[in-house]
Amino acid sequence: MKIVVIGDGFAGYSALLTLQKSSLINKLEISIIGKGYFEYKPLLPQIISGKIDSGLVRFNYEKKIKRDNIQIIRQKVEQIDLAEKKIRLDNTKDLSFDY
């Protein structure tokens with residue numbers, strides 16, 4: 001079963017963590033389309049003012065992914081075809097999905 005998560009903000013990153021904990025994880029092929037890192041944007045004003053270090057609000061989540069069946073795609077989505085269950089990426093590659 002192919003699952004595609006578009007975006008790696010709060011919802012996308014949470015979905016990825018939830019899917020990793022699923023009892024079905026070994027039957028899934030998961031792709032997450034995004035930047036490859038999670039950024040906690042509510043703390044950006046504290047970074048600008050110098051109250052906290054920028055490393056505290058951004059982390060690369062690739063290190064948290066411990067499975068071969070999860071891939072990170074650093075592309076932009078150009079088009080989603082729900083009828084054909086395909087996503088066109090900005091490199092003109094099509095990505096098929098079930099969910």
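This is a predicted model: local features need pLDDT of at least 70, side-chain atom pairs count only at pLDDT 80 or more; totals for chains, interfaces and linings use all residues.
User: Let's start with Asp8. Why is Asp8 called buried?
Analyst: Asp8 has a relative accessible area of 4%. The cut-off for buried is under 20%, so Asp8 gets the label at 4%.

User: And where does Asp8 lie?
Analyst: Asp8 is in the loop between S1 and H1.

User: What makes the link between Asp8 and Lys35 a salt bridge?
Analyst: The rule asks for a side-chain nitrogen of Lys or Arg within 4 Å of a carboxyl oxygen of Asp or Glu. Here the N to O distance between the side chains of Asp8 and Lys35 is 3.5 Å, so by that rule the pair counts as a salt bridge. Lys35 sits in the loop between S2 and strand S3 (37–39), so the pair ties together parts that are 27 residues apart in sequence.

User: Is Lys35 buried, partly exposed or exposed, and how do you know?
Analyst: Lys35 comes out at 37% relative accessibility.

User: Which other residues is Asp8 in contact with?
Analyst: Setting aside neighbours within four places in sequence, the contacts of Asp8 include Tyr13, Ile32, Ile33, Tyr37, Phe38 and Tyr61.

User: How many salt bridges does the whole structure have?
Analyst: The search finds 3. Besides Asp8 with Lys35, there is Glu39 with Arg58 and Asp94 with Arg88.

User: How do you know that Glu39 and Arg58 form a salt bridge?
Analyst: Their closest N and O atoms are 2.8 Å apart. The limit is 4 Å, so the pair qualifies. Glu39 is in strand S3 and Arg58 in strand S4 (residues 58–60), so this pair links distant parts of the chain, 19 residues apart.

User: What makes Asp94 and Arg88 a salt bridge?
Analyst: The closest N and O atoms of Asp94 and Arg88 are 2.5 Å apart, and the limit is 4 Å, so the label applies. Asp94 is partly exposed at 36%, and Arg88 is partly exposed at 33%.

User: On to the strands. Why are S1 and S2 called paired?
Analyst: Pairing takes at least two bridges. Strand S1 (residues 2–6) and strand S2 (residues 29–33) are joined by 5 bridges, so they pass, and they run parallel. One example is Ile3, whose bridge partner in S2 is Ile30. From S1 the chain goes through helix H1 (residues 10–21) to S2, in a right-handed β-α-β crossover.

User: What makes S1 and S5 edge strands?
Analyst: The open sheet has the order S1-S2-S5, with parallel pairing. S1 and strand S5 (70–73) each have a single partner strand, so one side of each is left without a neighbour in the sheet. Neighbouring strands here are turned by 20° against each other on average, direction ignored.

User: How do you know that S6 and S7 pair?
Analyst: S6 and strand S7 (residues 86–89) share 4 bridges in the antiparallel sense. The threshold is at least two, so they pair. Asp81 has Lys86 as its bridge partner in S7. They belong to an open sheet of 3 strands in the order S6-S7-S8. Strand S6 (77–81) and strand S8 (94–96) stand at the edges, each with a single partner strand.

User: What makes phi of Lys85 worth a look?
Analyst: Phi of Lys85 is near 55°, a positive value in a residue other than glycine. Most residues other than glycine have a negative phi. Lys85 lies in the loop between S6 and S7, and at 35% relative accessibility Lys85 counts as partly exposed.

Technical notes
Residues are numbered from 1 along each chain as its sequence is written. Side-chain values use heavy atoms; hydrogens and water are left out. Helices (H or I, at least four residues) and strands (E, at least two) are DSSP runs, numbered from the N terminus. A crossover is right-handed if, with the strands pointing away from the viewer, the path from the first strand over the helix to the second runs clockwise. Axes are lines fitted to C-alpha atoms, for helices over the stretch in contact, and angles run from 0 to 180 degrees between N-to-C directions. Buried means under 20% relative accessible area, exposed over 50%, partly exposed in between (1.4 Å probe, protein chains only). Contact means heavy atoms within 4.5 Å.
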